[in-house]
Amino acid sequence: MNEQQFIEALREKGIELTATQIAQFKKYFELLVEWNEKMNLTAITDLEGVYLKHFYDSISASFYFDFTKVTTICDVGAGAGFPSLPIKICFPHLHITIVDSLNKRITFLNHLSEELGLENVAFVHARAEEFGQNAKYREKFDVVTARAVARLSVLSELCVPIAKVGGQFVALKAAAGKQELAEAKKAVSTLGIELQEEFVFELPVEQSERTLYVFNKIKATPKKYPRKPGVPNKTPIQ
């Protein structure tokens, strides 16, 4: 997917990019490739791959979830900024917080946001488990999202505690989503969310399957979650 195909594909979905937004994506790509030579940000560095598998894939969440009706978003383990920063470029009103455990990625994100002129973005160097127990962030966000961080039973424990009651947890998954959802049944009920909607669709060009889950936070998460760093991954709620 080249730049023009990207612009047209978004237009078909009702997102009309301005000249500024187009330039931001171009700069994003250039900085991603440049910094990737110094640190491991992504295995995908060709233009067509980045525009399809990072930019378009991230924004695809907005085809099914209305980001115009929310303000604060926390992206857990966003790495090089996916999915939240491409979404932020398309929906500039959003206030984005990214938490990542690797400080060098935070350094990249700070530089990237300055170069792109992004406002209302914050990057926090922390383990998601510790972040979720921090009173400053716990149950404070309208939406919590994550892409390709961990299987759903683990991911829920990292994300749900920071979503406010009445907010949403939006999980971007690949083809294994259905199996992960079945395994996460206990985690979902324990943490205080319920599945609102499930969308299965294909990424254009390569026709790979994607699943988007939107969960509603219906009650406060028990204080013991998230557990200590590493525990959710070793012993998921099951």
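**Close-up views of a predicted model**

**View 1. Hairpin of strands S6 and S7.** In this hairpin, 6 residues lie between the strands, and Val205 adopts a positive phi near 70°. S6 (residues 193-202) and S7 (residues 209-217) pair in the antiparallel sense over 9 bridges, and Glu197 has Val214 in S7 as its bridge partner. Pairing requires at least two DSSP bridges between two strands; strands (E, at least two residues) and helices (H or I, at least four) are DSSP runs numbered from the N terminus. The model is predicted: local features need pLDDT of at least 70 and side-chain atom pairs pLDDT 80 or more, whereas totals for chains, interfaces and linings use all residues. Residues are numbered from 1 along each chain as its sequence is written, and side-chain values use heavy atoms, without hydrogens and water.

**View 2. Salt bridge between Glu206 and Lys53.** The N to O distance is 3.4 Å (criterion: a Lys or Arg side-chain nitrogen within 4 Å of an Asp or Glu carboxyl oxygen). Glu206, in the loop between S6 and S7, and Lys53, in helix H3 (residues 47-59), are 153 residues apart. Both residues belong to a salt-bridge network that also includes Asp57, Arg147 and Arg210.

**View 3. Salt bridge between Glu157 and Arg227.** The closest N and O atoms are 2.7 Å apart. Helix H7 (residues 152-159) carries Glu157, while Arg227 lies in the loop between S7 and helix H10 (231-234). Glu157 is buried, at 0% relative accessible area (buried: under 20%; exposed: over 50%; partly exposed: in between; 1.4 Å probe, protein chains only).
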